[in-house]
Amino acid sequence: MEILYAIPALALIAGTLFWLPRRLRRPRLATALPLTGQTFPDGFLWGTGEDAYQHEGGNEHADWYAWERSEPHPFADGSVAGRCVDFWNRYEDDFSRAAADGQNFHRIGVEWSRLEPAPGIYDDAAFAHYRLMLESLKAKGMRVAVNLWHFTLPAWAATAGAWENPQTMVRWEAYVGECGRRFGDLVDYWSTMIDAQIYVLRGYFTGEIPPLKHDPAAGVRVLGTLAHAHARAYHILKPFGGQVGMIYFFSLCQSAGNPLDAFVTDQFDRLFNWNLPDALHTGRLRVAIAGGPRLDQSLPEAAGTLDWLGVNYYYREIIRFNPRAQGLVDRGPAPGAALTDMGWEIYPEGLYRLCKALRRRYPGMPLVITENGLADRGDERRPRFILDHLAWLHRLLAEGCPLLGYSYWAGTDNLEWLDGFVPKFGLYRVDMQTMERRETASARLYRFIATNNRLPRESEVADILNPAVAG
Ligand code: BGC
């Protein structure tokens, strides 16, 4: 008789343990905060920016330049960076537009391969050109951030073994010193590098970008080398003034629900989001990938080498264990969520949750949202995307988060790495034939926000987006 009771009881327990938690933890979709005209603190930084390789054009001494011309063709749309959006020649117009749009902050990147086209040989004209750019930004009253390295290496460094060759560090230190000496008086915020973990994951784990390797153990060693490269750059740059930090891509990682999902989520979250920034905080780099490479490296020189942290936030990922998938994980948007043209989940609350996690982990660390944006060819979702992210950001400020500014990515369209020119991130759409910049409704909205240092009230939004109709 008892067995008859036991079966439904067991089923109930099993259901409670496995099915119910999954249901309950089904990811909540994005919620929007009301727009009440929220005001930002005086001096809040409003910006946009460009990346060297993704905007300038003509970077023919970079390793990517030759790789783009190889077979099979690496970019999804068959393009090459080429003249890109010709930012190298059109920077003055782009900066003037940003200034006229009320922005007081701007980030550019400098391209190592352009500045040092052969080992130890610096291109004075290229240094002078970047100086003109920086002077132009300063003349427009902007606070200026400069990034020194992002994915692309000088071809000579790549051929010689990239970051695996100790000589690269020697040349890096000299290059950083040159940048400090020649640009230091014009830079407010230095970023030593952008998205270093993505370079490692895509360059050494999945082999999608140069150096095109499938060697996670080497990748983890390179992560250690990059932590060291950041630390060296920090100490080299400090005497030239400015705040020295790093720009880093954070994704909000959320488990799909069951214990195995939770385990792989934790693994991925540590490797992707925390291992490197933690090392720059504590001076110890620990990587532990179950069944994969491990590293426990003491880097005393790296401890406390973030005066500021640039946060790139784009999406949330729901992570699920899948024994057949690469790295045993499936990552993707929550079911039913709104997506960008690239299939990334639009989850504004994630920016809030992420910054709270950063604040808990690194108390007092000044944060700048250095990138936040979406690929949206028709500019249909972008206005709400901006408004919703900024409303959550305002809540962070109200809670006392040390947040210095927000920079939309990007001012104009750009080369989206392996996705070529198909994704359109820009506030200004670029005609790829004529290079003409065309204003979107989102550009008008961002102008309103930066100029007034506040969000619009809900009742104002339609008129801002479409002034002609408002008449
Ligand atoms: C990178 C950019 C890229 C953007 C969107 C950022 O973290 O810095 O290069 O365009 O992500 O993928």
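Predicted model: local features only at pLDDT ≥ 70, side-chain atom pairs only at ≥ 80, totals over all residues.

Residues are numbered from 1 along each chain as its sequence is written, and side-chain values use heavy atoms, with hydrogens and water left out.

Helix 9 spans residues 196-205, and nine of its ten residues are buried (under 20% relative accessible area with a 1.4 Å probe, protein chains only); helices are DSSP runs of H or I with at least four residues, and strands are runs of E with at least two. Among the buried residues are Ile-198, Tyr-199, Val-200 and Leu-201, and the buried set packs against strand 4 (189-194), helix 10 (216-237), strand 5 (243-255) and helix 11 (259-282). Just after helix 9, Gly-207 has a positive phi of about 65 degrees.

The structure holds four cavities of 30 Å³ or more, a cavity being a set of points on a 1 Å grid over the protein atoms alone where a 1.4 Å probe fits but cannot get out, with lining residues having an atom within 4 Å of a point.

| Cavity | Volume | Lining residues, including |
|---|---|---|
| Largest | about 80 Å³ | Thr-48, Asp-94, Arg-97, Tyr-428 |

Helix 4 (residues 87-100) gives three residues, the largest share, to the lining of the largest cavity.

Definitions and conventions: Buried < 20%, exposed > 50% of the residue type's maximum accessible area, 1.4 Å probe, protein only. Contact = heavy atoms within 4.5 Å. 1 Å grid on protein atoms, 1.4 Å probe; cavity = no way out; pocket = protein on both sides within 12 Å on 5 of 7 lines; lining within 4 Å. Points joined across faces, edges and corners; volume = space filled by probe spheres on them.
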